[in-house]
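Hi,

Here is the structure I promised to send over. Have a look at it first, then read my notes below.

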Amino acid sequence: MMKKTSGAGRQRILQTAVGIGFMLLLVLALDGLVKGFALPLPATVLAMAALTVFFIWNKGVPGFLDAGARGLFRIFPLLFIPALVSTVEIRNFIAQQWVVLLLIVTFSTFAGLVASVLVYRMVAARGQEGK
């Protein structure tokens, strides 16, 4: 049997939904802007910058955005449950092979950094040719 929600509870749920919806629409709109103008940065970074400017201009965080952020933070740990369950299931393997796993993670991280540097240099060199 479901418990009835009070008027204040409904208001909080509505504010949370509006806040999450606003953040989602902001990112989607800025994603269209980024793709439309071929800007070299992710839409989420632009959204963070836009929200920062908005918060400074507004002299604080509006209630609906605060409620939306709190709603997201309440469910945020749920996103880590599948990874945690998988880790617990293979804990014996991890205990036995921790040195190999450490080396693999270290090497793959280093390889990712090297690849990022090489791609950056290649893109920067093409940018210099166009000037």
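A word on confidence to start: pLDDT is the predictor's confidence in each residue, from 0 to 100. The chain averages a pLDDT of 88, and 95% of the residues score at least 70. Confidence is lowest in helix H4 (residues 81–89), with a mean of 80, and highest in helix H6 (residues 98–129), at 92. When I say helix, I mean a DSSP run (H or I, at least four residues), numbered from the N terminus.

Some housekeeping. This is a predicted model, so local features need pLDDT of at least 70 and side-chain atom pairs count only at pLDDT 80 or more, while totals for chains, interfaces and linings use all residues. Residues are numbered from 1 along each chain as its sequence is written, and side-chain values use heavy atoms, with hydrogens and water left out.

Now the core. A nonpolar core here is a set of buried Ala, Val, Leu, Ile, Met, Phe, Trp, Tyr and Cys residues joined through side-chain atoms within 4.5 Å; buried means under 20% relative accessible area, exposed over 50%, and partly exposed in between (1.4 Å probe, protein chains only). The largest one has 7 residues: Leu26, Leu30, Val34, Ala43, Ala47, Leu51 and Leu65. H1 and H2 are the elements that give two or more residues to this core. Leaving aside residues up to four places away in sequence, Ala47 touches Leu26, Val27 and Leu30 (contact means heavy atoms within 4.5 Å).

Ala47 turns up again in the largest pocket, whose lining also includes Met23, Val27, Thr44, Met48, Leu51 and Leu72. The elements giving two or more residues to that lining are helix H1 (7–37) and helix H2 (43–58), and H2 has the largest share, with 4 residues. By class, the lining holds 6 nonpolar residues, 1 polar and no charged ones. (Nonpolar covers Ala, Val, Leu, Ile, Met, Phe, Trp, Tyr, Cys and Pro; charged is Asp, Glu, Lys and Arg; the others, Gly among them, are polar.) The space in this pocket is about 160 Å³. For the record, a pocket is an open set of points on a 1 Å grid over the protein atoms alone, where a 1.4 Å probe fits, with protein on both sides within 12 Å along at least five of seven lines; lining residues have an atom within 4 Å of a point. Points are joined across faces, edges and corners, and the volume is the space filled by probe spheres set on them.

Ala38 is not a glycine, yet has a positive phi of about 55°. Ala38 sits in the loop between H1 and H2 and is exposed, at 62% relative accessible area. Lys59, also not a glycine, has a positive phi of about 60°; its place is the loop between H2 and helix H3 (63–75), and Lys59 is exposed at 77%.

Lastly, a couple of distances. Asn92, in helix H5 (residues 91–96), is exposed at 55%, and its C-alpha lies 41 Å from that of Ala43, 49 residues apart along the chain. Gly32, in helix H1, is partly exposed at 41%; C-alpha to C-alpha, Gly32 and Leu84 are 35 Å apart.

Cheers
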